[in-house]
Amino acid sequence: MVIVALAGAASAFASSQTLAEVKARGSLACGVNEGLPGFSFVDERGVWSGFDVDFCRALAAAIFGDPNKVKLVPLSADARFQTLRDGKIDVLSRNSTWTMGRETEFGLTFVGVTYYDGQGFMVPRAMRINSALELDGAKVCVQSGTTTIDNLADFFASNGMTLEEVVSSSTDESVKNYDAGLCTVLTSDLSQLYALRLRLSKPRDHIILPDVISKEPLGPVVRDNDLQWINIVKWVYFAMINAEELGVNSRNVSQALQSQKPEVRRLVGTSGNFGEQIGLTNAWATNIVRAVGNYGEIFERNLGSKTPLAIPRGLNQLWNAGGIQYAPPIR
Ligand SMILES: N[C@@H](CCC(=O)N[C@@H](CS)C(=O)NCC(=O)O)C(=O)O
């Protein structure tokens, strides 16, 4: 019995390490992309914005009640997982695809899919190509350390086509190479193709082919050895989805505190103590929504129809509105 009790105490201690460190430091260290409009982008005044950046802010809001208590750490595709493994960041929120190998090889875990994406191709309109199956022999610009480069090889091999890869280690370089005509095709996650097209000298001269050659479930990543931290990051994402589903947003969240609806009360913490059970306060979800909004607001602000990217919600619509974004209930 004594042994069991000690083992329980030891694991409770081990499981709370990351949260304790973040609180002691007074800020969250969140790994993000070095520069991808819509997802993670710093402007000339040094202000960061984007879908992945807002996730970092949501997590800071849940922990500290303050979305600004976050240090954003820009990371290349090559460096991101090792940096997380090494403990230099608390969470990675950087357009990263959930794959089995990334979890097993690095001892990491993806907490959910905040953005369902897929890989596509961009080509000059003047090529008059309608399908990726017409790309036999093409020179393709692609970035190292990504699922993109592996899918590219698989797609060409499985369709009996050859290609010449022009590999670079940053998006900047890939885009420059493509714009300079060093390759005739640029491949990446579709969401990124929309963003990267805006950086070309003549965006209108380029089209995105209709083919989607892979599944790219993108989401936040943490180390796999801290269950409490895994739960915090996971439920921050679920809270954003549940808030949208329940109609709770940044404008009406104060009224939601008066709501008598049981599901809304559990979300905003006026009933139950779900926040405290994961090591936060019961205002955790209210603080998220007040600071950055619900999932739909975050999507629209960064990627939606009123932004230069104008990406349709598609698969990222809620499950009850034609998409597959779905969160377990808070109860
Ligand atoms: N989702 C894919 C691709 C992610 C990725 O890093 N894509 C590149 C190509 S656009 C990128 O975002 N690069 C930005 C940078 O390195 O600054 C993955 O997880 O491997």
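## Lining of the largest cavity

In this predicted model, the lining of the largest cavity divides into five nonpolar, 12 polar and five charged residues. Gly counts as polar here; Asp, Glu, Lys and Arg count as charged. A cavity is a set of points on a 1 Å grid over the protein atoms alone, where a 1.4 Å probe fits but cannot get out; lining residues have an atom within 4 Å of a point.

The space in the largest cavity is about 220 Å³. Of its 22 lining residues, the closest to the centre are Asn-95, Gln-143, Thr-146, Thr-148 and Gln-192. The largest share, four residues, comes from β11.

## The ligand

The ligand sits in the largest cavity (more than half of its atoms lie within 2 Å of the grid points). Its shell holds four nonpolar, 10 polar and five charged residues.

A side-chain N or O atom of Asp-189 lies 2.7 Å from a ligand nitrogen. Taken alone, the ligand exposes 500 Å², and the protein buries 97% of that (Shrake-Rupley method, 1.4 Å probe). Polar side-chain atoms of Asn-33 and Gln-143 each come to 2.9 Å, the former from a ligand oxygen, the latter from a ligand nitrogen.

## Second cavity

The second largest cavity has a volume of about 60 Å³. Its lining includes Phe-51, Asp-52, Phe-55 and Asn-95. Helix α3 (residues 51-64) gives the largest share, three residues.

## Basis

Numbering starts from 1 along each chain as its sequence is written, and side-chain values use heavy atoms, without hydrogens or water. Local features need pLDDT of at least 70, side-chain atom pairs pLDDT 80 or more, while totals for chains, interfaces and linings use all residues.

Notes: A polar contact is a pair of N or O atoms within 3.5 Å; within protein, one must be able to donate a hydrogen and the other to accept it, and residues adjacent in sequence count only if both atoms are side-chain atoms. On a 1 Å grid over the protein atoms alone, a cavity is a set of points where a 1.4 Å probe fits but cannot get out, and a pocket is an open set with protein on both sides within 12 Å along at least five of seven lines; lining residues have an atom within 4 Å of a point. Grid points are joined across faces, edges and corners, and a volume is the space filled by probe spheres set on the points. Helices (H or I, at least four residues) and strands (E, at least two) are DSSP runs, numbered from the N terminus.
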